[in-house]
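Hi,

Here's the structure I promised to pass along.

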Amino acid sequence: MAGRLELHGWRAEVTAGSGDQGLDIIARQGGRRIGIQCKRYDGAVGNKAVQEAFSGRAFHRVDAAIVITTGHYTESAKALSRKTGVHLLHVRDISRLHRLR
């Protein structure tokens, strides 16, 4: 995922994994920092990923939190993302990251 981000002009730093406080990648571009929780799933991504990204945003003090998956999201995860401001994207949406607020 970090390599794909870099192809789109982001500087991507992979976090420590264990103890990452909810974010797998911190990406930077044009003075902006975003935190990304990556989920390589065939099925549905639920609330836990949104909660992790939300916590990671506060811990790492990034401008935006995003969950990116190869799968899809549960309705509950979508509802939680609307309340928390965590963006839910598919891996195909990487090229549109710079548009997120």
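Why is S3 largely enclosed by the rest of the structure? Of its 8 residues, 6 are buried, so the strand ends up mostly covered. Bear in mind that this is a predicted model.

With S2 it pairs antiparallel over 5 bridges, and the two make a hairpin with 2 residues between them. Gly-30 sits in that turn with a positive phi of about 55 degrees. S5 runs parallel to S3, joined to it by 6 bridges. Ile-34 is a handy landmark here: it is the bridge partner of Ala-27 and also pairs with Ala-64 in S5.

Now the packing. The largest nonpolar core has 16 residues, and Leu-5, Ile-34, Ile-36, Ile-66 and Leu-97 touch the most other members. Beyond its sequence neighbours (up to four places away), Ile-36 touches Leu-5, Ile-66 and Leu-97, among others. There's also a second, separate core of 9 residues, including Ala-65, Val-67, Tyr-73 and Ala-77.

What does a buried Arg-57 do without a salt bridge? Its side chain reaches the backbone oxygen of Thr-84 at 2.8 Å, while the nearest side chain of opposite charge, Asp-63, is 9.4 Å away. Leaving aside neighbours within four places in sequence, its contacts include Leu-23, Val-62, Ala-65 and Val-86.

Cheers

Definitions and conventions:
Residues numbered from 1 in each chain as written. Predicted model: local features only at pLDDT ≥ 70, side-chain atom pairs only at ≥ 80, totals over all residues. Heavy atoms only, no water. Core = buried A, V, L, I, M, F, W, Y, C linked by side-chain atoms within 4.5 Å. Buried < 20%, exposed > 50% of the residue type's maximum accessible area, 1.4 Å probe, protein only. Contact = heavy atoms within 4.5 Å. Lys, Arg positive; Asp, Glu negative; His and termini not counted. Salt bridge = Lys/Arg side-chain N within 4 Å of Asp/Glu carboxyl O. Polar contact = N/O pair within 3.5 Å; in protein donor to acceptor, adjacent residues only side chain to side chain. Helix = DSSP H or I, 4+ residues; strand = E, 2+ residues; numbered from the N terminus. Pairing = 2+ DSSP bridges.
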